[in-house]
Amino acid sequence: MKLECKVNGENREADGVREGESLLYILRERLDLPGSKNACEQGECGSCSVYMDGMLVCSCLVLAGQAEGREIVTVEGLADENELHPVQKSFIEAGAVQCGFCTPGLIVATHDLLERNAKPSDVEIREALAGNLCRCTGYEKILDAVKLAAAKNGNGA
Amino acid sequence: MKPYRYERAEDISGAISALADEPEGAFLGGGTNIVDLMKLGVSTPDVLVDVRRLMSDDIEETEDGGVRIGAAVPNSDLAADPTIRTRYPALSEALLSGASGQLRNMATTGGNFLQRTRCVYFQDTTTPCNKREPGSGCSALDGYNKNHAILGSSEHCVATHPSDMAVAMAALDAFVVTHGPNGERRIPIEELHRLPGDEPERDTILEHGELITAVELPPMGFSSNSKYRKVRERASYAFALVSVAAAMDVEDGVVRDVRVALGGVAHKPWRATKVEEALRGEPVSEENFRAAAEIELSEAEPLSENAYKVPLARNVMVRTLSDLSGEGR
Ligand SMILES: Cc1cc2nc3c(=O)[nH]c(=O)nc-3n(C[C@H](O)[C@H](O)[C@H](O)COP(=O)(O)OP(=O)(O)OC[C@H]3O[C@@H](n4cnc5c(N)ncnc54)[C@H](O)[C@@H]3O)c2cc1C
Ligand code: SF4
Ligand code: FES
Ligand code: FES
């Protein structure tokens, strides 16, 4: 089948897509967007998190057909041409990145959280990011990064 | 994954007829359960008929003062809905206690009811399992059964139903509305899911090709005094070991009416009718709550690894009922 959807603001097409392919596979293997990571493929780790029609989803559990005609935003679509998004900067500044495998998913999930709740409490951050697993950092620095990003937001950055 | 066809139907009748000649076909809601099971080789449909976009995703108040929820309403929207949060808080709490934000965004109200058990043997195609392969045996009976049922199980299957939402729906007396090859029906939640008996491969009474199109919550004044409490192995993002949904109508220290349902203890959301009967008209007290819970659990038949669920279910019921009665505060 042929898949058409909008990805990071551009109309994209993929030909010869098999019906069992996930959105994650299509993004990584067919649309040259390897930012979203493939770890569990079962909805458990969140490393494949992307927006679909403005809604945060695990792209590993979205089938090609479900993505048809939808608007997708991946981690690659968050930064401006020349400048990282404040959430991305905060992860670097807070030292929240170790191996980095969970980072793209966490960046998108944090972006989504701060869109909905500009000043989340610790409990709200933990709950909102519960679907994103990290095996390296122990999460403390990730919490710091989210709070840093929220603070930057508050300063109009 | 076994190859299959993906189809999108135009409307409800189109979806029903799309499966009429496809005994191995299935509906696709959000896909968060069936796609996972297809990857594991547990579900092997020939065709998936996507119904997410053709069903209602509205939450509407009905004329009689209840609420009608379209089957395509995402779990996250249902949990956040102001009417649900104030009038049926147990439902909102149950939804928020399940899965993760990403999954709740994708998962539908209809699909949530029909998610399959998390029994590890069911998900592992190399082991015998009567639910996955009728007649092959039940590996959990003498195997890893810490998370399995203590009530209503059979020698053929001891699995539990994993949905948090369905437990709250059971306590709130919800109905599912279905459309199928034989027309429309309105099924009380209590009757939707089955006990395993000698047909553990059938989770529900739905016929092949029968589509859940809506859920109706009846008006129930005291449902605003309702609560969901879930016990799990970590603070969030895990299935229930045991959970309780309850609603209570208290006046002058007496239980006028009460609804209680348990999760994690049976093949279906377990409506604790014995607790309800024992408490109606009785004074509010922890002793009464404990005694009522013990009546319900006197029929429990724990397995080798899950006897802990009996006192756990009792304590969680007592605690939840105490909170609702004002006693626990
Ligand atoms: C990592 C992870 C953690 C989870 N944790 C929890 C948890 O803690 N608590 C919890 O309750 N759940 C949990 N879930 C399960 C989740 O809630 C379900 O996967 C989800 O609710 C299923 O909804 P869906 O729309 O995606 O269903 P689908 O996967 O699309 O469908 C499920 C089944 O229902 C059928 N179906 C779908 N829609 C309809 C319809 N309208 N009419 C008839 N048949 C239909 C399908 O054919 C399929 O058999 C978790 C899932 C994952 C992956
Ligand atoms: S408990 Fe049920 S689902 Fe689990 S192995 Fe036994 S038959 Fe299969
Ligand atoms: S790869 Fe999608 S949730 Fe883990
Ligand atoms: S930094 Fe390695 S998994 Fe999170």
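The C-alpha centres of domain 1 and domain 2 of chain A lie 22 Å apart. The model is predicted: local features need pLDDT of at least 70, side-chain atom pairs count only at pLDDT 80 or more, and totals for chains, interfaces and linings use all residues. Residues are numbered from 1 along each chain as its sequence is written, while chains are lettered from A and ligands numbered from 1 in the order in which they are written.

In chain A, domain 1 spans 3-75 and domain 2 spans 86-154 (bounds from an automatic or database domain assignment). Their contact takes 13 residues from domain 1 and 11 residues from domain 2 (contact: C-beta atoms, placed from the backbone, within 7 Å). On the domain 1 side, strand β3 (residues 49-52) of chain A gives the largest share, three residues (helices, H or I, at least four residues, and strands, E, at least two, are DSSP runs numbered from the N terminus). This side holds seven nonpolar, five polar and one charged residues (nonpolar: Ala, Val, Leu, Ile, Met, Phe, Trp, Tyr, Cys and Pro; charged: Asp, Glu, Lys and Arg; polar: the others, Gly among them).

Chains A and B also meet. Each contributes 20 residues to the contact. On the side of chain B, β1 (5-8), α2 (34-39) and α6 (101-106) each supply at least two residues. The largest share, five residues, comes from α6(B). Eight residues of this side are nonpolar, seven polar and five charged.

Ligand 2 has 14 residues around it, of which B:Cys119, B:Tyr121, B:Cys129, B:Cys138 and B:Cys157 come nearest (near: C-beta atom, placed from the backbone, within 6 Å). The shell comprises 10 nonpolar, three polar and one charged residues.

How values were computed. Two residues are in contact if their C-beta atoms, placed from the backbone, lie within 7 Å.
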